[in-house]
Amino acid sequence: MRGGMAIPEVDPLVLDRLYRSDLRSLRENAEHEGISKRGSVEVLRASLIHHHVLSDLDLSWEGIQSFSNRELGDLLRIFGVKASGSHKERRQRIWLHVTQDANRLTVESLATMERQKLVDLCRNLEIPSNGPRTVLMGHVAGVLASQRRACCLLYTSDAADEGLGVDLGGRRII
């Protein structure tokens, strides 16, 4: 427990409803709650989980720094993301999951980013933030590739219904 605030107990029915919702339903829910309804299913779902389930927790970069390795694992499981890895990898994974759209943060998008944005990404990901733009792109791309290999959703409605993994955009979802 940090600062007197533990990871809350989660109502499995709320999570189940969010994981079974399609994009249209998630957008309606977000609009009703006054949350941005832009982004992919994963982005909307993460925003709604934060709003409905984890609203008392600070999931900013600074807030994420205060979580223990175990707490980060618990948070990643709530978001349906693989929870193994080092403390640093878990911080990176939770930050990327709650602040970035994995479909838009790609090697191609890194190539169009301003250098200062790349420096900021490097700092948030706890990787070296000096050097030429191409070096910074390489650092961030390395973390993204590592996280994409490590990330798999622990729950999707299709996978749960079928008892099988589902291939979504080149990632095997189990």
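The points below concern a predicted model and take up an aromatic pair, salt bridges and one backbone angle.

1. Aromatic pair. A search of the whole structure finds one aromatic pair. Its members are Trp61 and Trp95, arranged edge-to-face, with 5.9 Å centre to centre and 80° between the planes. Trp61 belongs to helix H4 (residues 61-65) and Trp95 to helix H6 (residues 87-99), so the pair ties together parts that are 34 residues apart in sequence.

2. Trp61 counts as buried because its relative accessibility is 12%, and the cut-off for buried is under 20%. Trp95, at 6% relative accessibility, also counts as buried.

3. Another joins Glu31 and Lys37 at 3.6 Å, N to O. Glu31 is exposed at 51% relative accessibility, whereas Lys37 is partly exposed at 38%.

4. A salt bridge between distant parts. The side chains of Arg91 and Glu126 meet at 2.7 Å, N to O. This pair links Arg91 in helix H6 with Glu126 in the loop between H8 and H9, 35 residues apart. Arg91 is buried, with a relative accessible area of 11%, while Glu126 is partly exposed at 26%.

5. Backbone at Glu126. Most residues other than glycine have a negative phi. Glu126, however, has a positive phi near 60°. This residue sits in the loop between helix H8 (115-124) and helix H9 (133-150).

How values were computed
Residues are numbered from 1 along each chain as its sequence is written. This is a predicted model: local features need pLDDT of at least 70, side-chain atom pairs count only at pLDDT 80 or more; totals for chains, interfaces and linings use all residues. Side-chain values use heavy atoms; hydrogens and water are left out. Helices (H or I, at least four residues) and strands (E, at least two) are DSSP runs, numbered from the N terminus. Rings of Phe, Tyr and Trp (its six-membered ring) pair if their centres lie within 6.5 Å; planes under 30 degrees apart count as stacked, over 60 as edge-to-face and the rest as tilted. Buried means under 20% relative accessible area, exposed over 50%, partly exposed in between (1.4 Å probe, protein chains only). A salt bridge is a side-chain nitrogen of Lys or Arg within 4 Å of a carboxyl oxygen of Asp or Glu.
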